[in-house]
There are 2 protein chains.
Amino acid sequence: MHCTQHVTTLRYAGDSITRQEDVVVTEYSLSVIVNDQEFATLLCSPVDLDTLTVGFLASEGVISGKKDIHDLRIDEQQGTACIELTSEQALHDVADRRVIASGGGRGGVRVETAALHAVIREQPFFRLSGQYLLSLSQEFLRHSSLHQATGGVHSAALCNADGIRMFAEDIGRHNTLDKIFGRCLLTDYPLAGHFIFSSGRVSSEMLLKVARQHIPLMVSKSAPTHLGVQLADELGITLIGFARGTQMNVYTHDWRIQEGSAMALTRHTPG
Amino acid sequence: MHCTQHVTTLRYAGDSITRQEDVVVTEYSLSVIVNDQEFATLLCSPVDLDTLTVGFLASEGVISGKKDIHDLRIDEQQGTACIELTSEQALHDVADRRVIASGGGRGGVRVETAALHAVIREQPFFRLSGQYLLSLSQEFLRHSSLHQATGGVHSAALCNADGIRMFAEDIGRHNTLDKIFGRCLLTDYPLAGHFIFSSGRVSSEMLLKVARQHIPLMVSKSAPTHLGVQLADELGITLIGFARGTQMNVYTHDWRIQEGSAMALTRHTPG
């Protein structure tokens with residue numbers, strides 16, 4: 001199935017009315033079935049369904065690595081992703097955690113952020129030059145504006161000192177991150193020294209997806225919410241918004257951004 | 001709580017780096033508790049939480065009118081909306097339906113669309129002039145761009161032949177519709193002869209929310225997905241996208257749009 005589809009529209013532009021061909025983005029429904037039980041339905045773009053499934057289940061805490069997956073079958077026609085786990089344990093743990101989160105309101109998130117903060121603090125520190133980020137931002141915009149022109153989709157990129165290493169697109173901004181992290185998990189790609197570019201708004205959920213991968217820097221073309229900023233601040237993550245080619249706003253932990261020329265990526269403990 | 005909050009950012013613009021005040025949109029977490037059971041957590045803007053709760057529960061099929069609500073208490077500090085229903089029945093029905101949808105894949109939606117199509121076909125038909133819609137589109141853009149400038153939020157408006165009758169804003173595009181329909185439900189506002197403007201992308205979920213209120217016309221500033229177009233076509237709903245002041249694309253059932261001057265709203269069966 002294609003990521004876009006052709007439709008006919010009646011186009012009003014000023015006083016003129018014309019019938020014309022138009023392209024709309026495909027919205028695909030994927031049922032994620034874990035150990036024969038329906039776990040969730042994802043509305044997504046019909047590409048990279050395997051990495052989406054794996055990334056989504058990792059983000060939900062159902063799997064933590066390839067070792068947890070016994071079998072993965074995508075049926076694009078049926079709209080199903082069937083996963084068999086090597087153990088039932090993880091699924092039980094998720095069910096338990098959901099009950100706790102249910103009873104304790106936002107207590108579950110508090111416990112998680114404290115644990116994440118501890119891990120992110122222990123990551124190797126690195127700094128990036130502002131100019132390098134701005135040049136990468138231009139490259140990301142070129143990449144994503146091509147896709148936006150044809151499909152109006154969101155995009156995300158995994159980057160390091162050598163530029164964009166992975167790129168994913170989807171109608172859902174959350175899905176773009178799941179696709180990237182799912183691919184990393186399936187290919188054992190090491191995430192140290194990497195950071196994320198996203199086209200989408202940085203809400204608490206988006207920030208948490210990045211934090212769960214222990215990535216200390218996130219750049220978005222769009223605005224963050226106040227909870228996104230608050231969580232980034234608490235977790236020690238550098239959050240950048242409105243990155244649009246020549247401009248950007250650094251909301252938190254700006255010590256990771258240094259002056260200097262492009263491509264200067266250094267690793268050292270914060271001053 | 002305010003819908004926006006002030007933060008300090010490091011602003012990169014070309015070669016200049018300045019520390020400045022910035023405004024970010026508030027992301028508020030609301031736990032919806034139905035008959036002492038946690039039903040869902042909504043991430044939203046902290047305004048109109050009562051209409052959001054009622055509209056959301058109506059959209060989920062838990063309530064169908066004011067008569068189903070015994071008590072509704074919002075605790076803004078705690079982030080909870082506690083609803084007591086007059087009967088347990090609806091909640092059981094929702095649980096049952098969820099199981100069926102789970103087992104039958106997308107069968108549940110198929111049954112629902114067939115029922116909705118029958119109801120929407122029986123609604124009084126009306127036609128609108130394209131010019132009236134374009135002038136209303138300009139008014140909606142003025143309304144929403146004000147809010148977008150301060151908070152980057154989505155907005156929705158309930159309109160009829162006399163213009164915009166209700167307006168709602170939220171960080172979530174789905175929430176803007178729930179707030180409008182929740183207010184209609186709480187005030188017994190009659191929806192006949194009304195249609196919806198939205199700033200957000202029209203996915204299948206957005207289209208279904210409007211269809212469930214038996215509203216035959218939806219206009220969006222943004223793009224539709226192919227499933228949004230497909231459902232609108234099947235349900236007999238006129239779907240308009242990219243409505244931006246002087247332009248718009250009519251995707252489905254364009255017989256409801258007629259030529260002529262502004263404010264011409266007529267009701268008759270389709271030709």
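1. D48(B) is partly exposed, with a relative accessible area of 36%, where buried means under 20% relative accessible area, exposed means over 50% and partly exposed lies in between, all with a 1.4 Å probe and protein chains only. This residue sits in the loop between β4 and α1 (49-59) of chain B, helices (H or I, at least four residues) and strands (E, at least two) being DSSP runs numbered from the N terminus. Although D48(B) is not a glycine, its phi is positive, at about 60°. As background, most residues other than glycine have a negative phi.

2. This is a predicted model, in which local features need pLDDT of at least 70 and side-chain atom pairs count only at pLDDT 80 or more, while totals for chains, interfaces and linings use all residues. Residues are numbered from 1 along each chain as its sequence is written, chains are lettered from A and ligands numbered from 1 in the order in which they are written, and side-chain values use heavy atoms, with hydrogens and water left out.

3. D36(B) is another non-glycine residue to check, with a positive phi of about 65°. The loop that holds D36(B) runs between β3 (28-34) and β4 (37-44) of chain B, and D36(B) is exposed there, with a relative accessible area of 76%.

4. In chain A, helix α1 (residues 49-59) is mostly covered, since 10 of its 11 residues are buried; among them are L49(A), L52(A), F56(A) and L57(A). The cover over these buried residues includes the strands β3 (28-34), β4 (37-44), β5 (69-75) and β6 (80-85), together with the helices α5 (173-186) and α6 (204-211), of chain A. Just after the helix, G61(A) takes a positive phi of about 85°.

5. Which residues does T53(A) touch, not counting residues up to four places away in sequence? With contact taken as heavy atoms within 4.5 Å, they are L30(A), V32(A), L72(A), I74(A), A81(A) and I83(A). T53(A) lies in helix α1 of chain A and is buried, with a relative accessible area of 0%.

6. β5(A) and β6(A) pair in the antiparallel sense over 6 bridges, and D71(A) has E84(A), in β6(A), as its bridge partner.

7. A search of the whole structure finds 0 disulfides over all chains, a disulfide being a pair of cysteine sulfur atoms within 2.5 Å. C3(A) counts as partly exposed at 23% relative accessibility, whereas C44(A) is buried, with a relative accessible area of 0%.

Key
Two strands pair if DSSP finds at least two bridges between them.
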